[in-house]
Amino acid sequence: MEIRGKYFILNGKQEPAEVFQQLSAIEGPTLYEVFRIINGIPLFVEDHILRFENSAGLAGLVLPYTRDDIFRHVTILIRANRFRNANIKLIACYPSGKPPCYAAYFVEHQYPKPSEFRLGVDTITLRAVRQNPNAKIFHTALREETDALKKHLKVYEVLLVDNNGNITEGSRSNFFCIRGNQVITPPVHEVLPGVTRKYVLQACHNLKCPVSETSVPAGDLPSMEALFLTGTSRKILPIRKVDGGSFSVSHPMMRALMEEFGRIVDDYLSRHDKL
């Protein structure tokens, strides 16, 4: 069971965690969203709820609750469980011929170790394509395959390569490169529009780092000076290796972006009240 805490939200109502098991029997297209709680404050929650709504629209579905409702559920959830630093997941499942099922709950999380931010992580590539990449929808087979590869090969992340040989994103992250004085990342129409990705691009703007949103052929990786992943739990995480090829984890532009992203997070937290 992935749920944490004593309570969760089920179809708009607070319920004890013991009831959560009944969700496993529900089948159908399932949207989801995950965001981080830092010192009791849901980080970039407005962006995450908006993306949850946009994922529904891209899938031809409608969320059963409004943005205000969902924010209220998040508030109830944080106060009921009293977690100050954790991850929350939102899901909306659409079983055939039945009303949608909606839940909000705390989930187990794995944040990178300080050593991984300092020394970087190992990755591999996999030829795979996510259908409807802009929508955050469960793709069970792909998730199981990438999780198995990570465990078997002892790598942190799997980078997905499309049918044109371009790296699109990680199985649970967005992907960035640095070459010369330029930051390069796959165009947003090819990938999940990550919330962290959005604020990393803001950090690039703040530091006046040129950005190119363009396809990244896997064959071009040897020409890149540095690579990194971004995501809710990962923030900006340097990549040390891809399929055995090594990359710099101390590139000055990447390190400057890590610091600037940290400032953006700190500014957001300072402007929002704990729930």
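**Exercise 1.** In this predicted model, find the order of the strands in the open sheet of six strands, and name the edge strands.

*Solution.* Start by reading across the sheet: the order is 2-1-6-5-3-4, and the pairing is antiparallel. As background, strands of a sheet pair through backbone hydrogen bonds, either parallel or antiparallel.

**Exercise 2.** Work out over how many bridges strand 3 pairs with strand 5, strand 5 with strand 6, and strand 1 with strand 6.

*Solution.* Take the pairs one at a time.

- Strand 3 (residues 30–38) and strand 5 (residues 86–93) are joined in the antiparallel sense over eight bridges. Here Phe 35 stands opposite Ile 88 of strand 5.
- Strand 5 pairs with strand 6 over seven bridges, again in the antiparallel sense. Cys 93 has Cys 101 in strand 6 as its bridge partner.
- Strand 1 (residues 3–10) pairs with strand 6 over four bridges, also antiparallel. Arg 4 stands opposite Phe 106 in strand 6.

**Exercise 3.** Decide whether the faces of strand 6 are covered or open.

*Solution.* Begin with the count: seven of the seven residues in strand 6 (residues 101–107) are buried. Then sort them by side. One side carries Cys 101, Ala 103, Tyr 105 and Val 107, and the other carries Tyr 102, Ala 104 and Phe 106. Residues on both sides are all buried, so both faces are covered.

**Exercise 4.** Find how many disulfides the structure holds, and check Cys 101 and Cys 204 in turn.

*Solution.* The total is zero disulfides. For Cys 101, the nearest cysteine sulfur belongs to Cys 93 and is 6.5 Å away. A disulfide needs two cysteine sulfur atoms within 2.5 Å, and Cys 101 is in no disulfide. For Cys 204, the nearest cysteine sulfur is that of Cys 209, at 5.3 Å, and Cys 204 is in no disulfide either.

**Exercise 5.** Are Ser 55 and Thr 123 buried or exposed, and which residues do they touch?

*Solution.* Ser 55 sits in helix 1. Its relative accessibility is 0%, so Ser 55 counts as buried. Leaving aside neighbours within four places in sequence, Ser 55 is in contact with Leu 31, Asn 134, Ala 135 and Lys 136.

Thr 123 belongs to strand 7 (residues 121–127). With a relative accessible area of 2%, Thr 123 is buried too. Not counting residues up to four places away in sequence, Thr 123 touches Val 155, Glu 157, Leu 159, Ile 239, Lys 241, Val 242 and Asp 243.

Conventions: Residues numbered from 1 in each chain as written. Predicted model: local features only at pLDDT ≥ 70, side-chain atom pairs only at ≥ 80, totals over all residues. Heavy atoms only, no water. Pairing = 2+ DSSP bridges. Helix = DSSP H or I, 4+ residues; strand = E, 2+ residues; numbered from the N terminus. Buried < 20%, exposed > 50% of the residue type's maximum accessible area, 1.4 Å probe, protein only. Contact = heavy atoms within 4.5 Å.
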